[in-house]
Amino acid sequence: MSVAALAMLLAAQAPASATSSVPTIAPILTSPDARDVHSFARPLEARVTHVSLNLYADFETHVMRGIATLSVDARPDARTLVVDDNGLRIVSVTDGQNRPLPYSVGGGDAVHGTPLSITLNGNKTVRIAYASAPGAKALQWLSPEQTAGKKQPYLFSQGEAILNRSWIPTQDSPGIRQTWDATINAPCALTVVMSGERTGETPCTDGRHTASYHMDKPVAPYLIALAIGDLKFKALSAHTGIWTEPAMLDKSAWEFAGLDTFVTAAEGLYGPYRWGRYDVLVLPPSFPFGGMENPTLTFATPTVLAGDRSLVSLIAHELAHSWSGNLVTNATWDDFWLNEGFTSYFENRIMEAMYGKRRAAMEADLAWTDMQNAVKEAGGPQSADTKLHLDLDAARDPDDGMTQIAYDKGATFLRTIESVVGRARWDAYLRGYFDRHAFQPQTSAGFLRDLKANLLKPGEAEKIGVDAWVYQPGIPANAVHVRSDAFPAIDAAAKAFAAGGPVSAVPDKVTTQEYVRFLDQLPRKLSVERLGALDRRFHWNETGNSEIRFAWLRLALANRYAPAEASAERFLTSQGRRKFVAPLFQQLQGQGEWGKALAKRIYDKARPGYHAVTQVTVDRLLGR
């Protein structure tokens, strides 16, 4: 679509109707700790309440072109609407009657982009004609060769934390919840899916068609997501199903066959699922995260397709976000733990309900180790980055706060509260908490006020030390450590093998969690002979279980075990999940000239296939 065609589309759109329904408006928090320094928006003056997108997906130029129509709620004296813009090419800005509105693009930076300031002239509708940049950070355009089917191109978006401003001109802050609708024009051979309810599709005309979606509940803007590709659907129940490429459909559907049971288990804990359908889209391997909790449509990495359902806790995690994160959302990225800490706790409770206490305890115990490692990586227990409530000033990327501290210290805090008040009181409180704050933003201070007002009895806040948990660094001494009864035997086996014991004494046919524990408990210095014995018995250089492969490669590369080099290259070039990719490159970078040379060779090959989220992280690690 050319600029001229874009202008014609803009002119052809009917003026906004004065009788159109008013979207649901979520509150804007006014306390100082709710101010989002990672957005240029000034929502207390003028805020976006609804986004309507009419976009053309251009697979030749790798841009999205079209019009975003913003519904605005403004103070009577407000003169300007400020939205976030990262690399957008603005064609025109008009009101609901197609009359030009003055606008300017201000100065910014590489992380946050720039402010787009629009003079309102009393208008409540703003229409922006624009195009994204070919390198928009939220969008990854894949060639057919980068897909499972190898025949059609593919596009997917990833908006968290502040990337959606690279393809949607809106107020890109989690505290400014918005409803939305979208009509996406794409090639006929490709299917469009989005994180909302499908409302229509046009027949194929001149090789293209459109698909329309809407979300009638206010969501944080990072949760607006789309994917376009050769996609097929398989229903798992009346309200759940799997989207993915045809070549991956049966495998994905088998792995997640219990999707409906997950929803039932979650509802049994913390109340009704409020988003309608719950489907999962299994993406190509370049997807940078394990999963993304986009409403109605979780985006998931194929690295969880282990073939034995051993890694399905990821689905429990993303589903849990339908309550913590999507229903109640951190107002700023300083309080990211309100999303991930709650969700990690909730995930473990779902796993316990579905698979029993033993499985849940193993995963919680592994998370405890991850938390301890995260504290070390942050610089030790006195580091400010080990607080739950962070202080990410405007100079920092909000991704800096997306560490295991938010996930595992947050979950441990909630588990510690449970240990003091009892599970029955705690569960009743959480149900009420999600009800009281449904479809609203939240801060740490707001949560603590609610906790003290609606749960804690006199003396319990002090006994738990709730303020210290949130605002002080490190892990408090009263932290509850769930210990797995399966791990002592595994730890003993690791100790015996490290001391020279026979490889036959190493447990066989145990769970993924036990194998990961075994590998993590081995000393970081092992001889080539010892590593070779493990390699010959378990063939971990070839395993399709990504968690075990990752744990093995961390150990093998730490010892410069040559047979692992090819395995590491295959692993790092076949998927772009940041959880695996970043630590392995960081480890290689610390292994002297051998490791640096290997890291450079692999990254030169792998980088073009990574999403921008992963590229930025690894570029920083390797000093690029």
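Tutor: Strand β7 (residues 125–131) is mostly covered, with seven of its seven residues buried. Keep in mind that this is a predicted model. In a regular strand, side chains alternate between the two faces of the sheet.

Now for the neighbours. Strand β2 (residues 63–74) runs antiparallel to β7, and seven bridges join the two. Strand β4 (residues 89–95) also pairs with β7 in the antiparallel sense, over six bridges.

On to the rings. The structure holds 35 aromatic pairs. Take F287 and F299: their ring centres are 6.3 Å apart and their planes sit at 65°, so this pair is edge-to-face. It links distant parts of the chain, with F287 in the loop between β17 (278–282) and β18 (291–292) and F299 in strand β19 (residues 297–300), 12 residues apart. F287 and F299 are both buried. F538 and W540, on the other hand, form a stacked pair, 4.4 Å centre to centre with 5° between the planes. F538 is buried at a relative accessible area of 12%, and W540 is buried at 3%.

Rings meet charges here too: the charged end of R309 sits over the ring of W254, 3.7 Å from its centre, and that of R530 sits over the ring of F497, 4.1 Å from its centre.

How values were computed: Residues are numbered from 1 along each chain as its sequence is written. This is a predicted model: local features need pLDDT of at least 70, side-chain atom pairs count only at pLDDT 80 or more; totals for chains, interfaces and linings use all residues. Side-chain values use heavy atoms; hydrogens and water are left out. Rings of Phe, Tyr and Trp (its six-membered ring) pair if their centres lie within 6.5 Å; planes under 30 degrees apart count as stacked, over 60 as edge-to-face and the rest as tilted. Helices (H or I, at least four residues) and strands (E, at least two) are DSSP runs, numbered from the N terminus. Buried means under 20% relative accessible area, exposed over 50%, partly exposed in between (1.4 Å probe, protein chains only). A charge sits over a ring if NZ of Lys or CZ of Arg is within 6 Å of the ring centre and within 35 degrees of the ring normal. Two strands pair if DSSP finds at least two bridges between them.
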